[in-house]
Amino acid sequence: MKTMQDKYYREIDYARISITDYCNLSCRYCKSEADAILEKQVSQKQLFNLIDVLDELKFRKIRFTGGEPLLNDWIVSLVEYTNNKEHIKDIGLTTNAVLLDKYLDALIKAGLKRINISLDTLDDNKYYEITKTNYLQRVKDNIALAVASELIVKVNVVLLKGVNDNEIVNFLEFGRLNNVQIRFIELMPIGENDDFIKDKQLNIRDKFKNYQSREKKPNCKDVSDYYIDEYGYCFGIISPISNHFCERCNRIRFTSDGKLRLCLHSDNELDIYEYLNKKEELKALILNYIKEKPEKHYLNENMKANKGMSKIGG
C-alpha cells in the first residue's frame with residue numbers, strides 16, 4: 001500500500017495525536033476560562049491501536065501533543081511503542097517543558113527524535129501574565145538540557161501584539177546563544193477568546209520585512225519559512241493567515257477525546273472513539289474520511305474553529 005493521498009493529491013503521512021487536554025499552564029490563546037475538561041479521554045491501549053493502524057497506513061511521522069502531554073505518565077511507553085513500528089520513523093513531542101527534566105532521558109531512550117518547546121516570553125513578569133505560573137527559569141533550564149541531548153529542538157513563540165512583539169531581538173539572541181532554533185508563530189483565531197485574539201493579533205510578516213529570507217529546499221514539507229538575522233542565525237516564521245501553506249499540508253489530527261480532525265481551522269471532525277478498539281474498522285474510517293480533507297482553511301473569510309487549541313491538540 002502506498003502512502004495515503006487526499007483528493008487534492010497531497011500525501012498524508014503525518015499525524016498529530018493529542019493525549020490529554022489537561023495543562024499545567026493557562027495561556028489565553030490556548031484555552032478560555034469557560035473551557036471544561038473533555039468528558040472522555042482516550043486510553044493507552046486505544047492509542048496503541050491507533051498507532052498500529054497509522055503504521056499500517058504508512059504514516060512516517062507522529063507528534064504527541066496536548067494539553068501538556070508530559071502530564072500523562074505513560075508518555076514514555078507510548079513513544080517506545082511507536083518507535084517499534086515499521087513505517088513510523090519520526091517521533092516528535094510538543095511541550096511547555098515544565099516537566100521535561102523528569103522525562104527527557106527516558107524519552108530519548110524510548111525513541112523520541114524531536115521536540116518543540118512552547119515559550120512566549122523571556123521576561124518573568126510577562127511569563128506570569130501569559131501562563132499564570134512562575135516556571136520560566138525551570139523552562140529555560142530544561143531547554144538547555146534538551147539542546148545538550150541528541151534531540152532536534154525548536155522553540156515556538158506565539159507573537160502577541162503589545163505583549164511580546166518587542167522581544168524578537170531577545171529571542172534571536174537566546175536562540176543564537178543556546179544553539180536552538182526559534183520559530184515565531186502567528187496568533188490564530190481559534191477558540192472562544194475572540195476579544196483577546198483580535199486585540200493581540202498582528203501580521204507577523206510585517207515584523208520581519210527587514211530580515212533576509214532563506215530559500216527552502218525543493219519539496220520541503222516544513223511549514224516554516226526561514227529567515228537569517230545579521231549574525232547569520234537562521235529562524236523560522238509560521239504564518240497560516242498572512243501566508244497560508246495549505247497546498248502542502250500533509251497532516252491530520254486526533255484529539256484526546258477520540259475525534260479525527262482533518263484541518264486545524266475547521267470544526268468538522270469524525271468521532272472515532274468507539275472504533276479505537278476495532279482496528280480494521282478504524283483503518284477503513286480513516287481511509288474514507290481522508291477524502292473529506294478541505295483544500296484550504298477559510299480564516300481569511302472569517303471562518304474559524306470554535307474549539308480551543310487545548311481541546312484540538314497543539
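This tour moves through a strand arrangement and then a set of salt bridges in a predicted model.

Begin by selecting strand β9 (residues 212-214) together with strand β10 (residues 225-228); the two run antiparallel and are joined by three bridges. Within this pairing, Ser213 has Tyr227 of β10 as its bridge partner.

The hairpin of β10 and β11 has five residues between the strands, and in it Gly232 takes a positive phi near 85°.

Keep Asp225 selected and display Arg205. Their side chains form a salt bridge, with the closest N and O atoms 2.3 Å apart. This pair links distant parts of the chain, 20 residues apart: Arg205 lies in the loop between α7 (194-200) and β9, and Asp225 in strand β10. Asp225 is buried, at a relative accessible area of 18%, whereas Arg205 is partly exposed at 22%.

Now turn to Asp6 and Arg10, whose side chains meet in a salt bridge at 2.6 Å, N to O. Asp6 is buried, with a relative accessible area of 4%, and Arg10 is buried as well, at 7%.

Then select Glu56 and Lys283, a salt bridge in which the closest N and O atoms are 3.5 Å apart. Glu56 belongs to helix α1 (residues 44-56) and Lys283 to helix α8 (residues 279-289), so the pair links parts of the chain 227 residues apart. Glu56 is partly exposed, with a relative accessible area of 35%.

Finally, display Asp52, Lys85 and Lys279, which are linked in a network of salt bridges. The count for the model comes to 14 salt bridges.

Methods
Residues numbered from 1 in each chain as written. Predicted model: local features only at pLDDT ≥ 70, side-chain atom pairs only at ≥ 80, totals over all residues. Heavy atoms only, no water. Pairing = 2+ DSSP bridges. Helix = DSSP H or I, 4+ residues; strand = E, 2+ residues; numbered from the N terminus. Salt bridge = Lys/Arg side-chain N within 4 Å of Asp/Glu carboxyl O. Buried < 20%, exposed > 50% of the residue type's maximum accessible area, 1.4 Å probe, protein only.
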